Amino acid sequence: MNQTTYTSEEIRQKVYSVVFEVSGIEKSKLENDLSISDDIAPSSLDRVTLFMALEDEFSTSVAEEELQDIKTLGDLINFVENKAEANAA
Amino acid sequence: MSSRSVVITGMGTLCPLGLSTTEFWHSCLTETQAASYIPEAWLEYADFTSRYWAPLPEIDYAAFGISRIDALRLDPVSKLSLAATAQALKDAGIVARPVNRKRTIFELEGLKPERVGVILGTGIGGLNTTLESHTVHLFARYREEMVSLLDSAEMDTDTEKELHALLKRMDYPQRYNPFTVSMIMNNSVSANIGIRYQCKGPNKAISIACASGTAALGQAYTEIQNGTLDLTISGGVEYKYDTTGAVFRGYDIARTLAHDFPSPQEANRPFDKKRNGFLFSEGAAAILILEEKQHALERGANIIAEISAYAETFDAYSIMSPAPDGEQIERMIRTALMQADVKTTELDYINAHGTGTLANDETECNVIERIFGDRPAVNSTKSWVGHTIGASGALETQVAALSIRDQITHGNANLDEPISSIKLLKTKEKLDISSALTHSFAFGGHNCALILKRPNV
């Protein structure tokens, strides 16, 4: 994670921006219970792109094993927030 | 003989002389030099003989509809080809309507997808990604070990500083891109276009070094003429930059590049007695929309020029030098002229291969002289824009077409003492151009030629 510290709301908005860019789903329609595999990134290539885009947005790297429990948009936002906290510590 | 005629109805260009066809053409006619000194950072890695190159201007790919997300999965060579295609389609008056919510897939209005093909030339494809991914693969773990060592080992301040400075210089991407394979493969340049614009006719990339662009256009011409396609997105693209100058080094160590001149602007001088190599170019994309003539007329397209012939031969001589006798080049030209029904006494203009190497220019002048004498005007677009390898033949076909359209063409840069009595233009000249030849000769011995004519509409 880069050195900039984001608030929870800033992280949410940045994740929304990335999800919109990857999936085309308008930000106004993004909700925590949207499924990553069914709604946001239906193909494996979309999923790889989503996490590459997040790495790029937050200047961090994400290991494959960290992604296994991320099923929904809400999980994704929590994951990014936790990673930000861990890097800040 | 096919009754189907093939015409050029649109063009798109990104090159060191401009980020549109209009800008490129204007630069040619105003004798704008693309040459400058190579990046200083390259000098850390090797001692080069040549110090000159033709860099691309900075490109805002988002302005061409290539998003940040697209950019993560595309080698620069594909970004170039997509951007130039967007321009070319617009120039041809073809509307691309988005059909998905991400606005990354488009339908070309009024065209049957199965009758539209994409045929591009590229010499080295996604080499930039190859080099970056390989660097990450090679050094990532060693870098981690060095960081760990720096954190744990005791050392004096100066040594620590030196090691930190060394680490800083090991500047490469942090991740091995999961899309590496699809980014480096040569066919990515055409496949990405086909996917974006839903073109379902033949889709291929042709790779024969400096003749790739001409060959791609020739294949596209053939596919339209034989009835397989009504329209093609065709041309050439190349991207040769890397952060360390490794690609440049390949050409430099083979002594192919211009060197030892007082300034970069004086180095690039095809057909001049003082020439000693070509000007390395960062890259370019030159896309032409080729179309069956009746198809173009029916949709009210603007016709720029007609392609009347394509011929190709192979020297079977040397992997890096043209055959000095020029016999296969001559055979190719005569074949193309016959196909186009143009006599040697009728051809008005030749856009030469004109690289500026000792071997090429001498052979090329000899062949032109024995076929045509001093009748047709001859110029080298490479003398201004540098050698863009896979894109060069397509850039030069664009110049031939624009020369026909505007009845004027550019001169040869730095032509102080011509090596031949053929009609090498020193400055731009208004000409009566009814027919033009553009040809390319490649490392390996591949020769390709196109004949263009003023459209009869």
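Chain A has 89 residues, and its radius of gyration (taken over C-alpha atoms) is 12 Å, which agrees with the value near 12 Å that a compact globule of this length would have; the globule rule is 2.2 Å times the number of residues to the power 0.38. This is a predicted model, in which local features need pLDDT of at least 70 and side-chain atom pairs count only at pLDDT 80 or more, while totals for chains, interfaces and linings use all residues. Residues are numbered from 1 along each chain as its sequence is written, and chains are lettered from A and ligands numbered from 1 in the order in which they are written.

**Chain A overall**

- Along its principal axes, the C-alpha trace of chain A spans about 35 × 30 × 20 Å.
- Chain A has four helices and zero strands, where helices (H or I, at least four residues) and strands (E, at least two) are DSSP runs numbered from the N terminus.
- Buried residues, meaning those with 20 or more other C-beta atoms within 10 Å of their own C-beta atom, placed from the backbone, make up 24% of chain A.

**Helix α4 of chain A**

- Helix α4(A), residues 73–88, reaches 23 Å from its first C-alpha to its last, close to the 22 Å expected at 1.5 Å a residue, a span taken as 1.5 Å times one less than the number of residues.
- The buried residues of α4(A) are A:Leu73, A:Leu76, A:Ile77, A:Val80 and A:Ala84.
- Seen down the axis of α4(A), these buried residues fall within an arc of 100°, so they line one face of the helix; the arc is that of the directions from the helix axis to the C-beta atoms.
- On the other side of α4(A), A:Asn82, A:Glu85 and A:Ala86 are exposed, that is, with 12 or fewer such C-beta atoms around them.
- The cover over the buried residues of α4(A) includes α1, α2 (36–40) and α3 of chain A.

**Where chain A meets chain B**

- 11 residues of chain A are in contact (C-beta atoms, placed from the backbone, within 7 Å) with 11 residues of chain B.
- On the side of chain A that touches chain B, the largest share, six residues, comes from α3(A).

**Nonpolar cores**

- A nonpolar core is a set of buried Ala, Val, Leu, Ile, Met, Phe, Trp, Tyr and Cys residues joined through C-beta atoms within 7 Å; in the largest one, of 119 residues, B:Ala285, B:Leu290 and B:Ala336 touch the most other members.
- A second, separate core of 20 residues includes A:Phe51, A:Met52, A:Phe58 and B:Ile69.

How values were computed:
Contact = placed C-beta atoms within 7 Å.
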